[in-house]
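Welcome! Open the structure in your viewer, and let us walk through it one selection at a time.

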Amino acid sequence: MESAKSAAAAKICLSDMTLPRLTEYCKSIGQPAFRAKQIFKWIHQKLVTDFSAMTDQPKTLLEQFGRECTLAAPTIRRRQQSRDGTVKYLLQLSDGNCIETVLMRYHYGNTVCVSTQVGCAMGCRFCASTQAGRVRDLTPGEIAAEVYTAQKDTGERVSHIVLMGIGEPLHNFDNVMDFLEIISCPEGVNIGMRNISLSTCGLVPGIEKLAGRHLQLTLSVSLHAPNNKTRSSMMPVNDAYPLEQLIPACRAYQKETGRRISFEYSMVKGVNDSPQMARELANLIRGMGAHVNLIPINPVDGSPYSASDEANIRRFQKMLEELGVNATVRRRLGSDISAACGQLRREDARQAAQQQST
Ligand code: SAH
């Protein structure tokens, strides 16, 4: 006899479908195309997580959905609020895995930082998200549900999204592309591509594939060092795709999409923060019109690195500017609740329960 768990796993998740895909699905079960639009709106605009809430749908169809389909409906296991208004959620997925999602309040609107995988396989030495490896990819509907959960919980509209939570978005390429289509769809929450940033550790084939999609989003590349020796010591991915491949891929991306790249550079005391490094960095990316985001590296248990001091970061920034490279220092939101860059972690439900009871 089939267990309840595998029966649930066999259900089709309607939240994962782009509008064209949902339209195809509705046709395949003998429903007219307009139903797909209505159902898509229920899921991605009215943000319902229960078929019974779809009040304009025929009862028999909703019964069929109840038997054969499911919707992404993560539960909030923990909610922490920072002094600066940032909120961090631990969300439990339908299989018991937990991921973190962060809502940040900026003057231009609320930004949700979404995770794209349960864990991460990339192994960056300074990042908590990768310490326990990668468990699985998130589906398009699960990523979208992170945004919807934050929006419903705060009752405030989300206007911007950054794919900068747990996981490497380009290592989950197809699901992330479907998520982007869903989240920017006018029949859904309709968040424009120009309000979305996607960050990658530098998977060159993924950057090349993304260039071919001609999306208007902002591509951020986690550079963190201007030469292979230093970069490989911080990020194993650099051994697979060293700078002589990564930088030309970034230039080609800009040419192909007409969009400027933003480079992230986490400042680590004594590792990548010297004047010599600033010169090397300027030489590497000058002429691209790219923007450098300097981030004081955040503390992570088990990481060998500590942050450069503020004066040093300012000096580094000034040097870059003088050498013709545009650079800003990123605000550190949510660090008092471990919600800042590189501090997010996956958990499983048992861990989360233990934490709650202690
Ligand atoms: N995998 C993607 C998405 C993660 S985004 C990527 O690597 O880009 C998170 C950003 O925070 C990346 O630039 C990442 O390198 C950076 N980061 C990771 N750990 C950090 C830490 N401890 N302090 C500051 N930034 C960190």
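Begin with helix 12, residues 310-322, which gives the most to the lining of the largest cavity, with 4 residues. Helices here are DSSP runs of H or I with at least four residues, strands are runs of E with at least two, and both are numbered from the N terminus. This is a predicted model, where local features need pLDDT of at least 70 and side-chain atom pairs count only at pLDDT 80 or more, while totals for chains, interfaces and linings use all residues. Residues are numbered from 1 along each chain as its sequence is written, and side-chain values use heavy atoms, leaving out hydrogens and water.

Next, select Asp273, Ser274, Pro275, Asn312, Arg315, Phe316 and Met319, which line that cavity. A cavity is a set of points, on a 1 Å grid over the protein atoms alone, where a 1.4 Å probe fits but cannot get out; lining residues have an atom within 4 Å of a point.

Now move to the ligand. Which residues are the closest to the ligand? Select Phe126, Ser199, Ser222, His224 and Asn298, the closest of the 19 residues that surround the ligand; a residue counts if one of its heavy atoms lies within 4 Å. Show strand 10 (196-200) and strand 12 (262-267) too, as each supplies at least two residues of this shell.

Finally, zoom in on serine 199: an N or O atom in its side chain is 2.6 Å from an oxygen atom of the ligand. At glutamate 168, a polar side-chain atom lies 3.0 Å from a nitrogen atom of the ligand.

Terms used: On a 1 Å grid over the protein atoms alone, a cavity is a set of points where a 1.4 Å probe fits but cannot get out, and a pocket is an open set with protein on both sides within 12 Å along at least five of seven lines; lining residues have an atom within 4 Å of a point. A polar contact is a pair of N or O atoms within 3.5 Å; within protein, one must be able to donate a hydrogen and the other to accept it, and residues adjacent in sequence count only if both atoms are side-chain atoms.
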